[in-house]
Amino acid sequence: MSKRVFRGQPVMRVHLDEDGDWQAFSATEPRWFGRPQLLHAAHLLERDPSLASLPALPLGHLATRDEASGTTWQVFQG
């Protein structure tokens, strides 16, 4: 995850990279900004239960949402 998400900003974009790793980003940063922070997905769900609505993503795809508590995700090929 990005440092901004690690520090408490809401997850607005999620990318499942080609290696099968999840990347979580806030709305206020470029897609690949800075050094990632590691955190178990269960801890992200504790912080924000709305992340459970994230659809299954194929490798290399990106999901975005407009509102921090929103459950409507748009999926794109990354």
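Select Ser-2, in the segment before helix H1 (3-6); helices here are DSSP runs of H or I with at least four residues, and strands are runs of E with at least two, numbered from the N terminus. The model is predicted: local features need pLDDT of at least 70, side-chain atom pairs count only at pLDDT 80 or more, and totals for chains, interfaces and linings use all residues. Residues are numbered from 1 along each chain as its sequence is written, and side-chain values use heavy atoms, without hydrogens and water.

Is Ser-2 buried or exposed? Ser-2 counts as buried because its relative accessibility is 2%; buried means under 20% relative accessible area, exposed over 50%, partly exposed in between, with a 1.4 Å probe and protein chains only. Leaving aside neighbours within four places in sequence, Ser-2 is in contact (heavy atoms within 4.5 Å) with Ala-24, Phe-25, Ser-26, Glu-29 and Gln-37.

Next, select strand S1 (residues 13-16), which pairs with S2 in the antiparallel sense over four bridges; pairing requires that DSSP finds at least two bridges between two strands. Pick His-15: its bridge partner in S2 is Gln-23. Five residues lie between S1 and S2 in this hairpin, and Gly-20 in the turn has a positive phi of about 85 degrees.

Now select Trp-73. Not counting residues up to four places away in sequence, Trp-73 touches Val-11, Met-12, Val-14, Ser-50, Leu-51, Ser-53, Leu-54, Pro-55, Ala-63, Thr-64 and Arg-65.

Trp-73 also belongs to the largest nonpolar core, which has eleven residues, including Met-1, Val-5, Leu-16, Ala-24 and Leu-44. Such a core is a set of buried Ala, Val, Leu, Ile, Met, Phe, Trp, Tyr and Cys residues joined through side-chain atoms within 4.5 Å.
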